[in-house]
Amino acid sequence: MPRGVENVDIDLATGLLADEACGNAYTAAFVRNTAPTESCTEYLENDELNAEEAKEEISKEKEKLFDRLKRWFSSNEIDG
């Protein structure tokens, strides 16, 4: 292998560093210090956290909507 080149295992799905927790991987040659530095598991963990945050936000928005609807129906019954 040429000097200054390193082989790195890359996750097929994310293009990030592969480890045991990732799916399929391949080995690619990179000029030293140019390979990805983030692992696929870090990416997947961040993605799962973002999905969980999104679910929580949707739940909060639904609660707000239901509260507004309750107030609206209550005010219409009193005024009507």
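Select Phe66 to begin. In this predicted model, Phe66 is partly exposed, with a relative accessible area of 48%.

**The whole chain**

Now display the protein chain as a cartoon. How many helices and strands does the chain have? Its secondary structure comes to one helix and two strands. Followed along the sequence, these elements give the pattern β-β-α.

Switch to a surface display. The protein chain exposes about 6600 Å², and 52% of this area is supplied by carbon and sulfur atoms. Of the chain's 80 residues, 12% count as buried. Consider also the contacts between residues at least 6 apart in sequence: 26% of them join residues at least 24 apart.

**The disulfide**

Select Cys22 and Cys40 and show their side chains. A disulfide joins Cys22 to Cys40, with an S to S distance of 1.3 Å. The pair links distant parts of the chain, since Cys22 belongs to the loop between β1 (5–11) and β2 (25–31), whereas Cys40 belongs to helix α1, 18 residues apart. In general, a disulfide is a covalent bond between the sulfur atoms of two cysteines. Are Cys22 and Cys40 buried or exposed? Both residues are buried. A search of the whole structure finds one disulfide.

**The loop between β2 and α1**

Select Ser39, which is found in the loop between β2 and α1. Ser39 counts as buried because its relative accessibility is 12%, and the limit for buried is under 20%. Which residues does Ser39 touch, not counting those up to four places away in sequence? Show Leu16, Leu17 and Asp19, for these are the residues that Ser39 touches.

Then move to Asn33, which also lies in the loop between β2 and α1. Here the accessibility is 73%, so Asn33 counts as exposed. Inspect the backbone of Asn33 as well: its phi is positive, at about 70°, although the residue is not a glycine. For comparison, most residues other than glycine have a negative phi.

**The loop between β1 and β2**

Select Asn24, which lies in the loop between β1 and β2. Asn24 counts as exposed because its relative accessibility is 60%, and exposed means over 50%. Leaving aside neighbours within four places in sequence, Asn24 is in contact with Ile10, Asp11 and Leu12. To examine a distance, select the C-alpha atoms of Asn24 and Asp9. These atoms are separated by 9.9 Å, while the two residues are 15 residues apart along the chain.

**The segment before β1**

Finally, select Arg3, which lies in the segment before β1. Arg3 is exposed, with a relative accessible area of 87%. How far apart in space are Arg3 and Val31, C-alpha to C-alpha? The distance is 9.0 Å, although Arg3 and Val31 are 28 residues apart in sequence.

Key: Residues are numbered from 1 along each chain as its sequence is written. Side-chain values use heavy atoms; hydrogens and water are left out. Buried means under 20% relative accessible area, exposed over 50%, partly exposed in between (1.4 Å probe, protein chains only). Helices (H or I, at least four residues) and strands (E, at least two) are DSSP runs, numbered from the N terminus. Contact means heavy atoms within 4.5 Å. Accessible areas come from the Shrake-Rupley method with a 1.4 Å probe; for residues, only the protein chains shown count as cover. A disulfide is a pair of cysteine sulfur atoms within 2.5 Å.
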